[in-house]
Amino acid sequence: MTNPAFKTSIATVSISGTLDAKLQAIAAAGYDGAEVFENDLLSTHLSAREIGAMMADLGLACTMFQPFRDLDGLPEPQRARAFDRLERKFDVMQELGTDLLLVCSSCSPLSDGNRERTIADLTEAAERAAARGLRLGYEALAWGRHVHDHREAWGIVRDADHPALGLVLDSFHSLSRQIPSSSIGDIRADKLFIVQVADAPMLDMDHLGWSRHFRCMPGQGDFPLDDWAGAIRKIGYQGYWSLEIFNDRFRAGSASGVALDGYRSLRLLEGGIARPSVSAAALPPRVKTAGVEFIEFAASHEEAENLAAMLRPLGFRPTARHRSKDVTRWTQGVGTQGVDDPVNIVINCEPEGLAHSFDVVHGASVCALGLAVDDVPGALARADFLRVPRFNQPLAPDEWPIPSVRGVGGSLIYFVDAATRAAMWAHEFPTPLEDPVPGPRLAIDHVAQTMQYEEFLSWLLFYVALFDVAKTPQLDIADPMGLIQSQAVENADRSVRFTLNGSLATQSLTSRFIQNYFGAGVQHIAFATDDIMAVADAAHAQGLPCLSIPRNYFDDLEARWGLEPDLIDAMATRDILYDRDGEAEYLQFYSRAFARRVFFEVVERRGYAGYGAVNAPIRLAAQARHKPDFPD
């Protein structure tokens, strides 16, 4: 389900590869058109006419040729040479099959900035374009020498009043300068020739460097794009929404992957990033989640026994077996304190299928997550809308169907119908095993996923585009061997939280996990409790191998927070870390790694919303001391 009035495009400069490969990736991702960047054309062995024919064959409109720099306000003889160059670009445009050329506001030190001269130059250029059936789109560069505000650019276009001269609006140039989006209301829709879109993190640096290295897809950055896009819709704009992204990570990534991310980001923008847009009612909404229903491990029988040895100290028991497969349901919390909504961990030892393949490639590890959702058909529609691939495998005649899509590292995300999940468990796992045990109850607090640094923004976009989640601020965490980039996504009631982590440092724990794991995946699972002391006592008593935290850390806690000595001693003997935010408190302890890949965390939140980032360097240093857990 797409909106034909929302036409998608991307500038070829946004992705890597040769021009023909870029265009093939853009078409495969589902765009309506593409802007051809001049350097891409100059470096291809194909002629402009051949590129135009290829785009037509691929079903892509050539939405614009760009950029044309330093046209206005020049003295002679530079002015004459600029207009000669313009005529040559008109020749190229006609061979490409596009009628629109991007003209940037001048950065030339020779440009005098005289407004009347700028209008006269642009009017002459538009007249020449019109003689060939072409158009010019004038754009205010954020670093333009004289014109660097879209309000100035619009005033020039308006006063020139030539039918072949219009405006190009680029979100980066406007929002990096914090130009109010309400000013877009003064622009006539018929004079807005194309809209270019980019997000970016909020940085304090020069606009040119910011633009050339840190642009990102809508939803990946911090710009208020909903306000900006809403103002454009309000004036009645019906043209292309075209991505123009300069980012070192994207240039190092695959063309097909970045193109697909871009397509998803435009669809996210179409429906509203932080709040619904006017067109959202016609689109599949983002998936609302009601909790993590299960976490599935792929493992051999030997690995399953080792995993069991770590789960039992945390109160888990194997409570049921699958009706036809070598799969066991482990639960924690059933029947405890009157609660019948347990934490579910599924251990899959099947000798064939996805879980077996996952175990062969990665070793014992998390191969799937089940998320409870209220509207499974709606979740699938949203995934299809974003071109998120579904996963299908043969089902036994009596097997309960649970649809799934591909997630991080080739793992699966299952959409579990929240209304029928009890019936699902009863049907799929009818054979009882052990009874649950009393004790402190756990819940799934968050799941931490680690990925290549170059994939970080892609998976961030995956979550915010597919699910109804919000981003937390991005953090840089100090590993003893380098920095780790970390950011969380959370649903409204925080029953579903994912933390995403990536690092460029090759010897950081994050990078060593990826090397040992042979790819991205779940690195740790955090369980929440209301009584972390009791959970820690039970875990230690039953032999859970835990991270050892230095006494220096606890001595510093006492000095920093003025905690009671008895509490400090209680945390120190249990290796429990502590943080505070105002009156809110956070306590946490960690197991060592299972199978040198996945480890567990237990947290107690006392009104605390974060993830204890201040303690991450302590935890990482403790893990670095355990080389057998994460080898070089």
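Which residue's side chain does Lys89 meet in a salt bridge?

## The model and a first contact

The side chain of Lys89 meets that of Glu38 in a salt bridge, at 2.5 Å from N to O, where a salt bridge is a side-chain nitrogen of Lys or Arg within 4 Å of a carboxyl oxygen of Asp or Glu. Lys89 lies in helix α4 and Glu38 in helix α2 (residues 38–42), so the pair ties together parts that are 51 residues apart in sequence. Lys89 is buried, with a relative accessible area of 16%, and Glu38 is buried as well, with 17%; buried means under 20% relative accessible area, exposed over 50%, and partly exposed in between, for a 1.4 Å probe and protein chains only.

This is a predicted model, in which local features need pLDDT of at least 70 and side-chain atom pairs count only at pLDDT 80 or more, while totals for chains, interfaces and linings use all residues. Residues are numbered from 1 along each chain as its sequence is written, and side-chain values use heavy atoms, with hydrogens and water left out.

## Other salt bridges

The structure holds 36 salt bridges. One of them joins the side chains of Asp326 and Arg321, at 3.9 Å from N to O; Asp326 is partly exposed at 22% relative accessibility, and Arg321 is also partly exposed, at 33%.

Glu585 forms a salt bridge with Arg580, and the closest N and O atoms of this pair are 3.8 Å apart. Glu585 is buried, with a relative accessible area of 16%, whereas Arg580 is partly exposed, with 24%.

## Helix packing

Helix α4 (residues 78–96) and helix α5 (residues 115–131) have axes that come within 11 Å and cross at roughly 30°, and the two helices are therefore roughly parallel to each other, a term for angles under 35 degrees, while over 145 counts as roughly antiparallel, 65 to 115 as roughly perpendicular and the rest as oblique. Helix α1 (residues 19–29) and helix α11 (residues 255–271) pack at an angle of about 40°, with their axes 8 Å apart, and they are therefore oblique to each other. Axes here are lines fitted to C-alpha atoms, for helices over the stretch in contact, and angles run from 0 to 180 degrees between N-to-C directions. Helices (H or I, at least four residues) and strands (E, at least two) are DSSP runs, numbered from the N terminus.

## A buried strand residue

Ala11 is found in strand β1 (residues 7–11) and is buried, with a relative accessible area of 0%.
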